[in-house]
Amino acid sequence: MSNLIAKIENWIDETLESHCEQMVPCKQLSSYFDGYFSEKFLTNCFYIVIPELPKPDFPELREAGFGSFIDDDHAGITYKCCYFIKAEQEDNLYLHLHELVHVCQWTILGAEKFIATYMEELQKYGYEDAPLEQMAKAFEYNYSIHADPIDVMDALRDELD
């Protein structure tokens, strides 16, 4: 499994490098997410608007049962400090927040542990019920009902440590 995780991480690094000129700083979203993410954090996060989301499509991922995740039509996907969103979702603040929660998870867990945890959760619970997804959905819901902001990084550190 560690070889596959390393292969995925290399693919992610190559993908991010090949799209670096398209990266938009998330700092421009800071006024929307005041109280959820620090400006310092958002300065180090980026998003890329793209027609199709890049996903690693290795035979060994399909053999391990991740074919439906690879083939599913998601609105966004996060890799390390950057997330990709489909062009028609660019103004969707709920999606931006959701993906920024995943950036926090990547930051706290580190790439190798995030990838391993996410894969394990997809296999055990499926996409909709994966705990890392449920965490992102919970913050997204809090934002959608205009509840008091929650510092995402602090809350996730408590939950993921």
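H5 (residues 111-125) is the top contributor to the lining of the largest cavity, giving five residues. Helices here are DSSP runs of H or I with at least four residues, strands are E runs of at least two, and both are numbered from the N terminus. The model is a predicted one, with local features needing pLDDT of at least 70 and side-chain atom pairs pLDDT 80 or more, while totals for chains, interfaces and linings use all residues. Residues count from 1 along each chain as its sequence is written, and side-chain values rest on heavy atoms, with hydrogens and water left out.

The count comes to one cavity of 30 Å³ or more, and the largest cavity holds about 370 Å³ of space. A cavity is a set of points on a 1 Å grid, over the protein atoms alone, where a 1.4 Å probe fits but cannot get out; lining residues have an atom within 4 Å of a point. Points are joined across faces, edges and corners, and the volume is the space filled by probe spheres set on them. Of the 23 lining residues, Phe69, Ile77, Tyr79, Tyr118 and Leu122 sit closest to the centre. Two or more residues each come from H1, H3 (59-71), E3 (76-79), H4 (93-109) and H5.

H1 (residues 2-18) also meets H5 directly: their axes, lines fitted to C-alpha atoms over the stretch in contact, come within 10 Å and cross at roughly 115°. That makes H1 roughly perpendicular to H5 (65 to 115 degrees, on a scale from 0 to 180 between N-to-C directions). Contact (heavy atoms within 4.5 Å) involves Ile8 and Ile12 of H1 and Ile115 and Met119 of H5, among others.

Terms used
Parallel < 35°, antiparallel > 145°, perpendicular 65-115°, else oblique. 1 Å grid on protein atoms, 1.4 Å probe; cavity = no way out; pocket = protein on both sides within 12 Å on 5 of 7 lines; lining within 4 Å.
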